[in-house]
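Here's a protein structure to explore together.

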Amino acid sequence: MKGYLGEFEELVLLTIASLLDNAYGVSIKTYIDERTSRSISIGALHSTITRLEEKGYLSSHLGEPTQERGGRSKRFYEVTQTGKIALHQMKNLRDDLWVAASHNLSLTK
Amino acid sequence: MKPEIKPPRLADGLFLWFCERASVEDLHGDVEELFYSDLEKYSVVRAKLKYWQRIFSLIFSYALRQRKRRAAYHPYSSTLSFVMLPNYFKTSVRNLAKNKFYAGLNIFGLALGMSLSLLFIAITVFIYRYDNFHTKRDRIYRVITQVHDDVNNPIYASTPSDLGFILEDEFSGIEKVVSIRASLNGEAAYEEKKMPINGYFTEPEFFEVFDFPLAKGNSATALKDPNSILITEKEAEKIFGSKDPIGEVLTIPPFGELTVTGVLKDVPKNSHLTFGALASYSTLQSSAKNNQLPNDASWTSFLNSYVYFLLPEGSSSDAVDRFLKHVADDRYPKDGFQASFSIQPLNDIVPGIEVYNAIGPSWDHLSILLVGLTTLVILIPACSNYVNLSISQSLKRTKEIGVRKVMGGQRRQIFFQFIMETTLSMLIALFFSYFFFELIRGEFHKMLAEADSMDMTPDLVILVCFVLFALLVGVLAGIVPALYFSKIKPINALKSTVTIPTRKFRLPGRKIMLTVQYAMSLGFIMAVVIMLQQYRYSMNYDFGFRQENILDVALQDVKPQLFRNEFGKLATVQSISMSSNILGLDYSAEKFVKDDRRQDSVAVATISIDENFIGNFGLQLIAGENFGADQASNARHIIINEEMVKSFDLDDSFSAIGKTLLLNDNKEVSIIGVVKNFHYTSLRKPIGSFFFTSDPNEFQYANLSMPLTNRFDDLTKIENTWKALGSNHKVKAQYFEDEIGDAYSFYFVVIKLWGFLGLLAITVASIGLLGTVAFTIGNRLKEVSIRKVMGASTERVVFMLSRDFLMLLLIATVVTVPVIYFLFSTLLVQMQYYSISVGFAEIGISVFLLAVLGLTTIFSQTFRAANANPVDHMRSD
């Protein structure tokens, strides 16, 4: 289902965007863990990243080898242009819906 | 951070093993980084547990699965690159060209093995295209009858003759019903000519249901009136030549004069309805009215009547089923004869279930399956030989595979390459196989009567099936070598340390295969030899009457007395007798005989003869006397055989004379003579009760006793005399010896068939053995050379090389001989009551034949190796 963005996918995309240059597996995981106070499994995270890559919303490159990871390099992710458009579309859709639903959704009764 | 604590090594190992070639550096790094951060927060055990957990979560993740898949399809190692195809092709061709001997053997063996399968494919394709020319075939059904006799509940393709009319009149949900009576058999006379004709009586609806086009005439009206007939173009050509047949009158007794109202296009060979002529059904009814023919409208007679019907489009056959059930319940009262009707779609007739009274050629699934299995018996050994030979051959090619792999060839590519090679050889084999197929096809047509009605001329569909079959066999036969070679590790291949797989497990497998093949070959040889012996035995059997110098002439329409007068004048004819049947052959009539002391009458075989018969055939009268010249008294008397004396409890032969019996429940006869037992019927059946009657009306044959001087002259004389009798028929005369020969010619068919299968099996087995021996020896040339240099004698070396294979032949013999012996000992008795048991001579001959073949194959190779100059092979490296 190309173009469809799941809730978790959107979350991951936004996280990667907000992590700027430092978006790799562990940093994304800890960021989400801390903000959403839920523990996501590394397998699920990477699966989602893989799906996003396949949809063309993410691009990636291998970094330099690092000491603290047993000499292994990190793979850094970046949101692509299509990814950004998809996020914007999602946001627009939500905004529209919020405007339309604002009356009902008002917390002050 | 404590650097000395490392992530669990087992988990790492598992992870890396699982990931194979996929690039997982980043993932692995991530888990390790998480592990170290965990170490700061949790205990070591907990951190390690979490590490395991993460490894597993990755192993089962989509991410890893995708990475692995991508690794396999990496652009630099895509599985099937078409660029490589010409290369594979070239390598295959070069490889075949390089090993001409083995390639030739292989392809020849495969071609032989496949030829039989091709025949089978042609047959199957033909059978499955039966009746496919009827445009309404999906809506055409036939009514079949199952008789419930509590014994074998036979199913008949035919029905009582009135069922069709009942279906037509009392049931409304059917578009068309057509009744067929397949009794239009006889001789059609036109002017001077007489032609045997076979056909059906049927209704005009026939043409609305089936697609049998007319060449001339109107299909709507052609069969309307009584006494109209349609004939096929082929028959028309035979009877009328180039004359227009329409309007001509054919006389077919007993149906009378029939006017030709049209000409049918010839019936396609794949039609289950086969006829040379169609006459109007009303002919039957009108001749039945005139009492010319018995109207067998009985509900217990299923002879010759068939009902087909056409359902309207989109309607179900259930209603018909219910109606037929109702009819059956109605006609067959509870405590009487029980039968039920059911319907059979046209598409299920051929191939379909086995039925009695089939209207045309029938093929059931079981016999197709059996033929298929027979072809497999030949095909599988041929393929397994191919696999063996190609594996052993390709061992020389491990370097090539090594290089391919080093250059980036993937396992799948190597696999594909070998499959392609096999398929290529298979296609070449198919080419040769086609010639064999053409050869067998001709033989097959000659051999089996059924084959006559088959059209196996290869057309596009059959050829496509052939190619598909070759490709399928190619892939199947190619899998084993391809799997084996694609598995070879490049390092071993390049260092030439690929072990010959034969050492471990393949050699026993190969030996078993060869042993089975030789056992099978021996089986076929033995079967043929035993059958030949059986044939000879039957031909020379003493039937208990004179077999030599008897010429049987069919009387046809000539009166016996006239015949006797005219032929009696011939000098060469010593004596003439008359009979209703020919002795010693399968068909003798039966009559019911009742003895006044018993309740039931018994069916007893009988032949009607004249007073000269017993003397003519040299039968021995034990008691009583022969028939006399007085026909009125002959009609009241019978002569019985010894067996009948016993089975009717008539004490002994002498006291049997004068006893009376009831014939066919209405005619009282007395016994005037007892003859010694003789074989009145074929050797397949035991001698049972038998009696002679004497009724000139039943005479069908004249038996001329004439010393054999010059067959040709004699026959010419007979023919001339026959012509003088003024008969409309041609003379039909045959020597008794020839007729006996004909009667047992089925042995010949069996011998030919098995002989052919045997020949195939032996050839395939020999090719396999030759290839294996040659290969094994080829691998041991150096060893042989060294042995010879060290002083081993040629005989010693030959023995050493041949030992394994001799053992194999021995095992095949030891296993097969008893199996075949017991099989035939039981089979022969069932086939023929008076049969010769399997003797040592037959076993000896068969084993000898096999030994000659096997030993020639083995020694031809081993002697060559043993006699080679050791220097030639020692020098090679």
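Below is a short tour, starting with the two chains and ending with the place where they touch.

## Meet the two chains

First, keep in mind that this is a predicted model. Chain A has 109 residues, and 28% of them are buried. Its secondary structure comes to 4 helices and 2 strands.

Chain B has 877 residues, with 38% counted as buried. You'll find 29 helices and 22 strands in chain B. Now look at the contacts between residues with a separation of 6 or more: in chain B, 81% of them join residues 24 or more positions apart. For chain A, that share is 43%.

## A four-stranded sheet in chain B

Let's zoom in on one sheet. In chain B, 4 strands line up in the order S13-S21-S12-S22, making an open sheet with antiparallel pairing.

What holds strands together in general? Strands in a sheet pair through backbone hydrogen bonds, and the pairing can be parallel or antiparallel. Here, S13(B) runs antiparallel to strand S21 (residues 701–705) of chain B, and 5 bridges join the two. One pair to look for is B:Ile576 with its bridge partner B:Leu704 in S21(B). There's a helix here too: H18 (residues 560–568) of chain B packs on the sheet and touches S13 and S21 of chain B. The direction of H18 makes about 160 degrees with that of S13(B).

## A buried strand

Next stop is strand S17 (residues 637–641) of chain B. How many of its 5 residues are buried? The count for S17(B) is 5 of 5. Both faces are covered: B:His637, B:Ile639 and B:Asn641 are buried on one side, while B:Ile638 and B:Ile640 are buried on the other.

S17(B) pairs with two strands in the model. With strand S19 (residues 667–675) of chain B, the pairing is parallel and spans 5 bridges; B:His637 has B:Ser670 as its bridge partner in S19(B). With strand S20 (residues 690–693) of chain B, S17(B) runs antiparallel and is joined by 2 bridges. In that pairing, B:Ile640 stands opposite B:Phe691 in S20(B).

## A helix with a kink

Now find helix H12 (residues 365–394) of chain B. Its 30 residues reach 41 Å from the first C-alpha to the last, which is close to the 44 Å expected at 1.5 Å a residue. Where is the kink in H12(B) centred? Look at B:Leu376: the kink there is about 25 degrees.

## Where the chains touch

Finally, the meeting point: 19 residues from chain A and 19 residues from chain B take part in the contact. On the chain A side, the elements giving two or more residues are helix H2 (25–36), helix H3 (42–55) and strand S2 (73–79). H3(A) gives the largest share of that side, with 8 residues.

What sort of residues does chain A bring to the contact? By class, its side has 5 nonpolar, 8 polar and 6 charged residues.

Terms used: Residues numbered from 1 in each chain as written. Chains lettered and ligands numbered in written order. Predicted model: local features only at pLDDT ≥ 70, side-chain atom pairs only at ≥ 80, totals over all residues. Pairing = 2+ DSSP bridges. Contact = placed C-beta atoms within 7 Å. Axes fitted to C-alpha atoms, helices over the stretch in contact; angles between N-to-C directions. Buried ≥ 20, exposed ≤ 12 C-beta atoms within 10 Å, placed from the backbone. Nonpolar A, V, L, I, M, F, W, Y, C, P; charged D, E, K, R; others polar. Expected span 1.5 Å × (residues − 1). Bend = angle between axes of the 7 residues up to and from the residue.
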